[in-house]
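My entries follow in the order I made them.

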Amino acid sequence: MKATHLFILAISAVLFASCNSASSDKNTTQDEAASAKVETSKSADLADSDGKVVHLTSETFKQNVFNYQVNQEWKYEGTVPCIVDFYADWCGPCKMVAPILDDLAKEYDGKIVIYKVDTDKQQEVASAFGIRSIPSILFVPVEGQPQMAQGALPKESFVQAIEEVLLQEKAEI
């Protein structure tokens, strides 16, 4: 009977070890895939936002808009103009601007990128830009200096800024 118990114990140990090994290999593969996905998203140009507003962290802000830790002078990191909406979830005027930005992201897909930065969660970015009231909207052309606007702007004001500041065309309003 002892031999049977030892045999069952040995089989159990082998099965346990192979399950853990397979699980470990699977986890390693999943970890590598997740890591590759993160690296790809880090290096991917967010200019291809598929007509959607893109939420940024401090790291993705530094990669895609401006690396305020490295650069003293303004240097835009993107390839197409962008709008950065500094907002908070609890802010009423921010909630009024959100659907306008969603519409504009679709309308200007491929021409501009619209980013959002939650000032409660990304305090480092908000501090770097001296954000004291929200919504604060940063209009960033590919060349030249960005321009900041504050408050809940109407859609017409966004369109005018996009056409004249970001795309440098005459607005047809």
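This is a predicted model: local features need pLDDT of at least 70, side-chain atom pairs count only at pLDDT 80 or more; totals for chains, interfaces and linings use all residues.

Is glutamate 107 buried or partly exposed? Its relative accessible area is 46%, so I noted glutamate 107 as partly exposed. Lysine 155 makes a salt bridge with glutamate 107, and the closest N and O atoms are 2.5 Å apart. Because lysine 155 lies in helix 5 and glutamate 107 in helix 3, the pair ties together parts that are 48 residues apart in sequence. I put lysine 155 down as partly exposed, because its relative accessibility is 27%.

I looked up the total and found 5 salt bridges. Salt bridges with shared partners join Glu59, Lys62 and Glu124 into one network. I then checked lysine 116, whose side chain meets that of aspartate 85 in a salt bridge at 2.7 Å, N to O. This pair links distant parts of the chain, with lysine 116 in strand 3 and aspartate 85 in strand 2, 31 residues apart. How is lysine 116 classed? With a relative accessible area of 8%, lysine 116 is buried. Aspartate 85 has 0% relative accessibility, so it counts as buried. I also recorded a salt bridge between glutamate 77 and lysine 75, with the closest N and O atoms 3.5 Å apart. Glutamate 77 has a relative accessible area of 28% and is therefore partly exposed.

Strand 2 and strand 4 pair in the antiparallel sense over 5 bridges. On the pairing with strand 5, I found strand 4 antiparallel again, over 4 bridges. There phenylalanine 139 stands opposite glutamine 147. The hairpin of strand 4 and strand 5 has 6 residues between the strands, and glycine 144 takes a positive phi near 95 degrees in it.

I next asked how many residues of strand 4 are buried. The result was 5 of its 5 residues. In a regular strand the side chains alternate between the two faces of the sheet. In strand 4, Ser136, Leu138 and Val140 are buried on one side, and Ile137 and Phe139 are buried on the other.

Helix 3 has 16 residues and reaches 24 Å from its first C-alpha to its last, close to the 22 Å expected. I listed its buried residues as Cys94, Val97, Ile100, Leu101, Leu104 and Ala105. They pack against strand 2, strand 3, strand 4 and helix 5.

For helix 5, residues 155–166, I noted Phe158, Val159, Ala161, Ile162, Glu163, Val165 and Leu166 as buried. What covers them includes strand 2, helix 3, strand 4 and strand 5. Just after helix 5, I found glutamine 168 with a positive phi of about 50 degrees.

Which cysteines form a disulfide? Cysteine 91 and cysteine 94 do, with their sulfur atoms 2.5 Å apart. The structure holds 1 disulfide. I read 75 degrees about the S-S bond, and the link is right-handed. Cysteine 91 and cysteine 94 are both buried. I also looked up cysteine 82, which has 0% relative accessibility and therefore counts as buried.

Terms used: Residues are numbered from 1 along each chain as its sequence is written. Side-chain values use heavy atoms; hydrogens and water are left out. Buried means under 20% relative accessible area, exposed over 50%, partly exposed in between (1.4 Å probe, protein chains only). Helices (H or I, at least four residues) and strands (E, at least two) are DSSP runs, numbered from the N terminus. Contact means heavy atoms within 4.5 Å. A disulfide is a pair of cysteine sulfur atoms within 2.5 Å. Two strands pair if DSSP finds at least two bridges between them. The expected span of a helix is 1.5 Å times one less than its number of residues. A salt bridge is a side-chain nitrogen of Lys or Arg within 4 Å of a carboxyl oxygen of Asp or Glu.
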